[in-house]
Amino acid sequence: MKKVILYDLDHTLFDPKTIKKDIFQPAFDTLTKTQYFTESTLIKLKNDFFSMSLNTFIEKYLNDKSKEHFIKKLRSIDTLSTLTTYQDGYVVQELNMINYLVTSGLREYQNLKIDALGIRNWFTEIYIDDPIDPKWNDKEEIMRLIIKNNNYDISELLVVGDNPESELKAGNNIGIETIQILREGIRASEIANFKINTLNELKKYI
């Protein structure tokens, strides 16, 4: 019987595309001052920022100087307007499980989102895998730490997320059953043990 769920945040509990994009304009402005981009590249760059991981974005577009200035601006974002989870987000609390949040992104920005969503108290612990200032190697290391610190049996856990290259891969490597949630635009992956379209479907796996 399951008693612990390890949740991802973006595209699992929250749609990051719902954040007002104008808060990122100062960060985008720094790019044109530190690196040359054609107009068409800038348009694609901005679209890609909201659909790929930060590390992938940096590797694809930025040199060392523009990366430094861009990250500094992102870390300086100090407020977000109130955000809402996906409509089925309430299920996290209804299931009466032990919940952990294991998310990736800039620590300051992810914390802003968590607070703007008002979901901090949904979780026993929150772990943020910051790719620029890492405390852990990856989500797999975080999950192993949670298991070790709490003496969980692997059979008691579920991983719920969207990304086959991140939380789903990490769970599989450890032997935790993984569930991919197929939010809009997410492609189904064979790597997940199970697939769901809404968090309401979690009930049959616990």
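**Aromatic rings**

Modeller: This is a predicted model, and the structure holds 15 aromatic pairs.

Biologist: Which kind of aromatic pair do F49 and F57 form?

Modeller: A pair of aromatic rings is described by the distance of the centres and the angle of the planes. For F49 and F57 the centres are 5.3 Å apart and the planes stand at 75 degrees. Since an angle over 60 degrees is the cut-off for this class, the pair is edge-to-face.

Biologist: Is F57 buried or exposed?

Modeller: Residues under 20% relative accessible area are classed as buried. F49, its partner in the pair, has 13% relative accessibility and falls in that class. F57 has a relative accessibility of 0%, and therefore F57 counts as buried.

Biologist: What is the angle between the planes of Y127 and W136?

Modeller: Both residues are buried, Y127 at 7% relative accessibility and W136 with a relative accessible area of 16%. Their ring centres lie 5.5 Å apart, and the pair is edge-to-face because the planes are at 65 degrees.

Biologist: Over which ring does the charged end of K21 sit?

Modeller: One aromatic cluster is formed by F24, F28, F49, F50, F57, Y61, F70 and Y109. The charged end of K21 is 4.7 Å from the centre of a ring that it sits over, and that ring belongs to F50.

Biologist: How far is the charged end of R183 from the centre of the ring of Y86?

Modeller: A charge counts as sitting over a ring only within 6 Å of the ring centre. The charged end of R183 does sit over the ring of Y86, and its distance from the centre is 3.8 Å.

Methods
Residues are numbered from 1 along each chain as its sequence is written. This is a predicted model: local features need pLDDT of at least 70, side-chain atom pairs count only at pLDDT 80 or more; totals for chains, interfaces and linings use all residues. Side-chain values use heavy atoms; hydrogens and water are left out. Rings of Phe, Tyr and Trp (its six-membered ring) pair if their centres lie within 6.5 Å; planes under 30 degrees apart count as stacked, over 60 as edge-to-face and the rest as tilted. Buried means under 20% relative accessible area, exposed over 50%, partly exposed in between (1.4 Å probe, protein chains only). A charge sits over a ring if NZ of Lys or CZ of Arg is within 6 Å of the ring centre and within 35 degrees of the ring normal.
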